[in-house]
Amino acid sequence: MKKKLTIVGLIVLLILFLDQLIKIYTKTNFSPYESTPLIGDWFIMEYIENPGMAFGTTFGSKYWHKLSLSLFRVIAIIGICYFWYQQAKKNAKTEFLIALGLIFAGATGNLIDSICYDYFFIFDPCFPFNIMEGSNVFENCMGLKMEVRNSGFLMGNVVDMFKFHAFWPSWVPWLGDREVFPAIWNIADASITCGVLLIFIRQKSYFK
């Protein structure tokens, strides 16, 4: 069990380190919506922030919307830790424990943004990603009253930056000329997705 804990722990720490390193680099070196190609024209880096869930999806503009999402992440992380520990005691496969670790690392990476970023970075009411209609929180922005998101503990935006800039061929029914995957994501989102896919694909091996 000790060896498995070490392996999964190192993977989790590596993912969290890379996730936060790239997020902070993006936030401090890119302007909003600024993009740059990474691999040809089909894989780009574009800076956005979102107040919601994975892959840039939003949940709502009210205080309780964001609080509910952040608390859900906290509960999910605690649940994953407990389940991981129980599976490790039962001598579950290392591969399965790694898959759970990927999900844990992804959820924790995005939660760190929500908890910490409003304290690490100055909240600017004129920043485009902080403007949010329907929040009922008003701030002065260049002489105008603007509705902005709630800020503080568990209220921070999540930083996203990676995007597949690829389109379906025009002859594909219903999807022709549309983006293959329009969402913008980060390392944490990718980690959760990989963990879930690994469990889904290998479930017969994990749950005999």
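Q: Helices are DSSP runs of H or I with at least four residues, strands are DSSP runs of E with at least two, and both are numbered from the N terminus. Where is Ala188?

A: Ala188 sits in helix H4. The model is predicted, with residues numbered from 1 along each chain as its sequence is written; local features need pLDDT of at least 70, side-chain atom pairs count only at pLDDT 80 or more, and totals for chains, interfaces and linings use all residues. Side-chain values use heavy atoms, with hydrogens and water left out.

Q: OK, is Ala188 buried or exposed?

A: Ala188 is buried, at a relative accessible area of 1%. Buried means under 20% relative accessible area, exposed means over 50%, and partly exposed is in between, using a 1.4 Å probe and protein chains only.

Q: What does Ala188 touch?

A: Leaving out residues up to four places away in sequence, Ala188 touches Asp19, Lys23, Gly106, Gly109 and Asn110. A contact means heavy atoms within 4.5 Å. The C-alpha atom of Ala188 is also 6.8 Å from that of Ala105, although the two residues are 83 apart along the chain.

Q: Asp19 and Lys23 are both on that list. What do their side chains do?

A: They meet in a salt bridge, with 2.9 Å from N to O. The term covers a side-chain nitrogen of Lys or Arg within 4 Å of a carboxyl oxygen of Asp or Glu. Both Asp19 and Lys23 are buried. Because they are four residues apart in helix H1 (residues 2–29), about one helical turn separates them.

Q: How many salt bridges are there?

A: The count is six. One of them joins Lys27 and Glu49, at 2.4 Å from N to O. That pair links distant parts of the chain, with Lys27 in helix H1 and Glu49 in strand S2, 22 residues apart. Lys27 and Glu49 are both buried.

Q: Which residue pairs with Asp118?

A: Arg149 does, with the closest N and O atoms 2.7 Å apart. Asp118 and Arg149 are both buried. Elsewhere, salt bridges that share partners join Asp19, Lys23 and Asp113 into one network.

Q: Switching to cysteines. How many disulfides are there?

A: The count is one, taking a disulfide as a pair of cysteine sulfur atoms within 2.5 Å. Cys126 and Cys141 form it, with their sulfur atoms 2.2 Å apart. The link is right-handed, with 140° about the S-S bond. Cys126 is in the loop between helix H3 (94–120) and strand S3 (138–141), while Cys141 is in strand S3, and the two are 15 residues apart.

Q: Which of the two is buried, and which is partly exposed?

A: Cys141 is buried, at 5% relative accessibility. Cys126 is partly exposed, at 27%.

Q: And what about Cys116?

A: Cys116 is in no disulfide, and the nearest cysteine sulfur, that of Cys81, is 17 Å away. Cys116 is partly exposed, with a relative accessible area of 22%. Cys194 is in no disulfide either, its nearest cysteine sulfur being that of Cys81 at 19 Å.

Q: How do strands S1 and S2 run?

A: Strand S1 (residues 35–39) and strand S2 (residues 43–50) run antiparallel and are joined by four bridges. Two strands pair if DSSP finds at least two bridges between them. Thr36 stands opposite Met45 in S2. The hairpin has three residues between the strands, and Gly40 there takes a positive phi near 55°.

Q: Which residues make the nonpolar surface patch?

A: Trp168, Trp174, Leu175, Val180 and Phe181 make it, over about 530 Å². Areas come from the Shrake-Rupley method with a 1.4 Å probe, and for residues only the protein chains shown count as cover. Patches use residues with over 30% relative accessible area and no salt bridge; like charges are joined within 9 Å, and nonpolar side chains (Val, Leu, Ile, Met, Phe, Trp, Tyr) within 5 Å. Val180 is in the loop between strand S5 (158–164) and helix H4 (187–201), and is partly exposed at 39%.
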